[in-house]
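Subject: Structure for you to look at

Dear colleague,

I am passing on the structure below, and my notes on it follow directly after.

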Amino acid sequence: MTPYLLSAQTVLDIIKRLDLPAERWLAAVGEKHVFEDDICISCVVPMTIMHTIDQWIAHARVARDPQLPSLGLLKKNAQIYLASFMQNERVLPMDEKIAERWGELLDVDITFLDEDGTDFAVGASEKVELATASIGRQGVPFIYVDRRQEAHASVPGLVIECPVEYVTAHGG
């Protein structure tokens, strides 16, 4: 079966449980007989997700934001979802080939656009994700599940499946 690598943003969208395109994509690929073992994450994704949520929680505490309880639930959802990857050995370590590609990508300025159209520089952890997807496992690259960006083309061998495009094309 075709292996998939979920981006940190895709995982974050899934754990929000707001029926976002990433969550609908995940349900749809299950119907295509994609097995759970074929959906993986990079070794940096758990840290990225938990750090992001912890920052949101800290900000909400300072601001006395009434959304703080929902952020606690989001953190619990994240812990449960990420644990399923860890328990089933679907968190991919960085091997020598991935590290080499990551090193190459560190020298490349990669800029993405957020949902509002604001550009931002891709950081080192996301470059690990990109390297992992393009190198793959046992010589088979992953399909990287992420919101499509023009800059993805700058990563050799990277194949993208965009949840928004997928859901739109399949009537979602």
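D19 sits in the loop between helix 1 and helix 2, where helices are DSSP runs of H or I with at least four residues, strands are runs of E with at least two, and both are numbered from the N terminus. Phi of D19 is near 60°, a positive value in a residue other than glycine. Most residues other than glycine have a negative phi. D19 is partly exposed, at a relative accessible area of 48% (buried is under 20%, exposed over 50% and partly exposed in between, with a 1.4 Å probe and protein chains only).

This is a predicted model, in which local features need pLDDT of at least 70 and side-chain atom pairs count only at pLDDT 80 or more, while totals for chains, interfaces and linings use all residues. Residues are numbered from 1 along each chain as its sequence is written, and side-chain values use heavy atoms, with hydrogens and water left out.

Helix 1 covers residues 8–15, and because seven of its eight residues are buried, it is largely enclosed by the rest of the structure; among the buried ones are V11, L12 and I14. Helix 1 is followed by R17, which has a positive phi near 55°.

R64, in the loop between helix 3 (45–63) and helix 4 (68–87), also has a positive phi, of about 50°, although it is not a glycine, and at 75% relative accessibility R64 counts as exposed.

Finally, E36 lies in the loop between helix 2 (21–31) and strand 2 (39–42) and is partly exposed, with a relative accessible area of 47%. Leaving aside neighbours within four places in sequence, E36 is in contact (heavy atoms within 4.5 Å) with N88 and R90.

Best wishes
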